[in-house]
Amino acid sequence: MNFPVKIMQDGLVARAARVAQVAAKHADAVDLEGRFPREAVDAMKAERLLGIQVPCHLGGESASITEIAELCSMLGQACAASAMVFAMHHIKLSSLVEHGADSEWHRSFMHAIAADQLLIASATTEGGIGGNLRNSICAVEVDGDTCRLEKDATVISYGSHADAILITSRAHPQAASSDQVLTAFLKDQYTLEKTHAWNTLGMRGTCSDGFLFKGKAPARQILPKPFAEIAAQSMLASSHLLWSGVWYGIAVDAVVRAQAFVRAAARKAPDAQPPGALRLAEVSNLLQMVKSNVVAGLKAYEGAKTDGDKLSSMGFAVAMNNVKIASSETILEIVNHAMLICGIMGYKNGTPFSLGRHLRDAHSAQLMISNDRILGNTSSMLLVHKQDTSLLG
């Protein structure tokens, strides 16, 4: 992807490239069997990529969101499900890094993530509200030094394979649905009873089953900041940007396959322009648009990270929403173009130009989080927010 980033940690890209090789080898099997990409995740742990976002003084590498987005794109070119697991882990880790530094327990937890390469899952969806991130029905109950939580979590991606889960709830039983907290539960502090099986069109390897979650843990594991602040200042941006990195990776691999197809056709008939050559130029333009969109979003986020007011502003939220909408919609157009270029060889499974998995995985982009929901939120904000009209602002 080659985002314009500061010099990465020694060997970070090389480490991710080794993971990508493993992920690519098993990508079709992960998709066909709808199974967790265990080989790729084991490789992430072996290369110590799960703790890179943790600050250096807590045993990590202080990797930036821009650097992590680059790795998401690399993994996305190999196996979208593996890349999405990596992205979702780091989205939750960003909440800890940005909002848990003042808590002794959460600092210790971050150190453990880096030291032991713990895989973190998220439980924000809930029966009765679906994917409405900023509302909860369940409530955490605090009794002295202990907290308890029961949640009908309709989706917990790779929940059965995680070492810990960060889960949203109302702050207490009398709290409003939007008065939420985020609590970290370790694997031995909760039980999961499967309620829904993940049998989907694409992203099959994320194993995003539904569960009845029941947890009991020390109350100090509740993050000290309200979830509204966490969502606005880290989770919103990291979700849209890291997911977009994954989607860009899917698109890159689709275009690479289409380019290889056109080159093969050109070698067979060197005196004639091969079919698909013009569409290849068109799809290259679309790919550059996605890259520019994500790079601009990363730049905006990195520039705003030290300003809490800016991170919580409507303008910033609109900008991040627009990154997600544009990336998720354009990726489908790119993969469709690539399919037309490759023709039946792209439509068939088992060829060097097969694009069925890419197309099915790409369809998830507009559903995570629903583009209709995001557009509805953006339209409400635009009623009161003045649009930025400057080219460089």
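This is a predicted model: local features need pLDDT of at least 70, side-chain atom pairs count only at pLDDT 80 or more; totals for chains, interfaces and linings use all residues.
Four bridges join strand β1 to strand β4 (residues 164–170), and the two run parallel. To find the pairing on screen, look for I120, whose bridge partner in β4 is A164.

Two helices pack on the sheet here. Helix α4 (residues 80–99) touches β1, β4 and β5, and its direction makes about 85° with that of β1. Helix α5 (residues 104–116) also packs on the sheet and touches β1, β4 and β5, with its direction at about 50° to that of β5.

Now for the sheet itself. It is an open sheet of three strands in the order β1-β4-β5, with mixed pairing. The edge strands, each pairing on one side only, are β1 (120–123) and β5 (180–186). Neighbouring strands are turned by 25° against each other on average, if direction is ignored.

The model has another open sheet to visit, made of four strands in the order β2-β3-β7-β6, with antiparallel pairing. Its edges are β2 (141–143) and β6 (190–196), each of which pairs on one side only. The twist from one strand to the next averages 10°. Follow β6 to its neighbour and you will find six bridges joining it to strand β7 (residues 210–218), the two running antiparallel. As a reminder, strands of a sheet pair through backbone hydrogen bonds, either parallel or antiparallel.

Let us step back to the whole chain. The domain assignment gives domain 1 (12–118), domain 2 (121–225) and domain 3 (228–383). The centres of domain 1 and domain 2, taken over C-alpha atoms, are separated by 21 Å. Their contact takes 27 residues from domain 1 and 23 residues from domain 2.

The structure holds one cavity of 30 Å³ or more, and the largest cavity has about 50 Å³ of space. Its lining consists of A27, V30, D31, C79, A80, A81, M203, R204, G205, R357 and D361. The elements that give two or more residues to this lining are α1 (12–33), α4 and α11 (356–362), and α1 gives the most, with three residues. By class, the lining has six nonpolar, one polar and four charged residues.

The last stop is the largest pocket, which holds about 1300 Å³ of space. It is lined by 50 residues, and those closest to its centre are G131, L133, W243, M368 and I369. Sorted by class, the pocket lining has 25 nonpolar, 21 polar and four charged residues.

Methods. Residues are numbered from 1 along each chain as its sequence is written. Side-chain values use heavy atoms; hydrogens and water are left out. Two strands pair if DSSP finds at least two bridges between them. Axes are lines fitted to C-alpha atoms, for helices over the stretch in contact, and angles run from 0 to 180 degrees between N-to-C directions. Contact means heavy atoms within 4.5 Å. On a 1 Å grid over the protein atoms alone, a cavity is a set of points where a 1.4 Å probe fits but cannot get out, and a pocket is an open set with protein on both sides within 12 Å along at least five of seven lines; lining residues have an atom within 4 Å of a point. Grid points are joined across faces, edges and corners, and a volume is the space filled by probe spheres set on the points. Ala, Val, Leu, Ile, Met, Phe, Trp, Tyr, Cys and Pro count as nonpolar, Asp, Glu, Lys and Arg as charged, and the others, Gly among them, as polar. Domain bounds come from an automatic or database domain assignment.
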